[in-house]
Amino acid sequence: MDKEKIEQAVRLFLEGIGEDPNREGLLGTPDRVARMCSEIYGGLGQDAGQYLHTTFEAKNNELILEKDIDLYSVCEHHLLPFYGKAHIAYIPDGRVAGLSKLARTIVFAKRPQIQEQLTAQTADALMEHLKPKGVMVVIEAEHMCMTMRGVRKPGTKTLTYVCRGVFENNDELINRVLMMVR
Ligand code: ZN
């Protein structure tokens, strides 16, 4: 990440909105923002596969659900946060991932994102690296770009889900997962 460039951009941005980047309260802001960027955009160029290398044999597992995974991301249209919960369900094909590793596949959140794409990227990565019979990823999130500006509807949640493999067009399975995450 180009920390220098981010700092320049923040100074320009502050000028642009009519602020004085040299006033005391803002002097350290470009540096703070640049350091924060490496954390909240640190998932750029990363793939969920790195967390799914280690799998364990498990027979006769019907459905595994990791629910209420904390999720923080940044909307790519407004660069404002959206945050909420992710739920990952899958039906393994003989091998399972460590549960803590499953939660870390939300690495795609650490980049400018849209919720729909984040949901699909997570599901596709699980299909690719874990090779289960099927995956369903559900994300519910509140978008600051809807809460702070525009329609201003605090508490409004956007729900997305993506199905792959045996979950596709399987209403019974889909409803079972949706009931479990309620
Ligand atoms: Zn937005």
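Donors to a metal are taken as N, O and S atoms within 2.8 Å of the metal (3.2 Å for Na, K and Ca); water is not among the atoms, so sites may look incomplete. By that rule, the donor residues of the zinc ion are spaced C-x2-H-x66-C in sequence.

The model is a predicted one, in which local features need pLDDT of at least 70 and side-chain atom pairs count only at pLDDT 80 or more, while totals for chains, interfaces and linings use all residues. Residues are numbered from 1 along each chain as its sequence is written, and side-chain values use heavy atoms, with hydrogens and water left out.

**Zinc site**

The zinc ion is coordinated by Cys75 (SG), His78 (ND1) and Cys145 (SG), at 2.1 to 2.2 Å. Histidine 78 lies in the loop between strand 2 and strand 3 and cysteine 145 in helix 5 (residues 144-147), so this pair ties together parts that are 67 residues apart in sequence. Helices (H or I, at least four residues) and strands (E, at least two) are DSSP runs, numbered from the N terminus. Accessibility is sorted into buried (under 20% relative accessible area), exposed (over 50%) and partly exposed (in between), with a 1.4 Å probe and protein chains only. Cysteine 145, at 9% relative accessibility, counts as buried, whereas histidine 78, at 36%, counts as partly exposed.

**Helix 6**

Helix 6 (residues 171-181) has Leu173, Ile174, Val177, Leu178 and Val181 as its buried residues. These cover an arc of only 130 degrees around the axis (taken from the directions from the helix axis to the C-beta atoms), which puts them on the same side of helix 6. An α-helix has 3.6 residues a turn, so residues three or four places apart point the same way. Asp171, Glu172 and Met179 are exposed on the other side of helix 6. The cover over the buried residues of helix 6 includes strand 2 (64-75), strand 3 (81-91), strand 6 (134-143) and strand 7 (158-165), where contact means heavy atoms within 4.5 Å.

**Salt bridges**

The structure holds 10 salt bridges, each being a side-chain nitrogen of Lys or Arg within 4 Å of a carboxyl oxygen of Asp or Glu.

| Pair | Closest N and O atoms |
|---|---|
| Glutamate 62 and arginine 176 | 3.8 Å |
| Aspartate 70 and lysine 85 | 2.6 Å |
| Arginine 176 and glutamate 172 | 3.9 Å |

Glutamate 62, in the loop between strand 1 (55-57) and strand 2, is 114 residues apart from arginine 176 in helix 6. Arginine 176 is partly exposed at 33% relative accessibility, and glutamate 62 is exposed at 58%. Arginine 176 and glutamate 172 both lie in helix 6, 4 residues apart, about one turn of the helix. Glutamate 172 is exposed at 60% relative accessibility. Salt bridges also link Lys3, Glu7, Arg11, Asp31 and Arg35 in a network.

**Strands 2 and 3**

Aspartate 70 in strand 2 and lysine 85 in strand 3 are 15 residues apart. Aspartate 70 is exposed at 52% relative accessibility, and lysine 85 is partly exposed at 30%.

An aromatic pair is two rings of Phe, Tyr or Trp (its six-membered ring) with centres within 6.5 Å; planes under 30 degrees apart count as stacked, over 60 as edge-to-face and the rest as tilted. The count by this rule is 1 aromatic pair. The rings of tyrosine 72 and tyrosine 83 have centres 6.4 Å apart and planes at 25 degrees, so the pair is stacked. Tyrosine 72 lies in strand 2 and tyrosine 83 in strand 3, so the pair ties together parts 11 residues apart in sequence. Tyrosine 72 is exposed at 60% relative accessibility, while tyrosine 83 is partly exposed at 30%.
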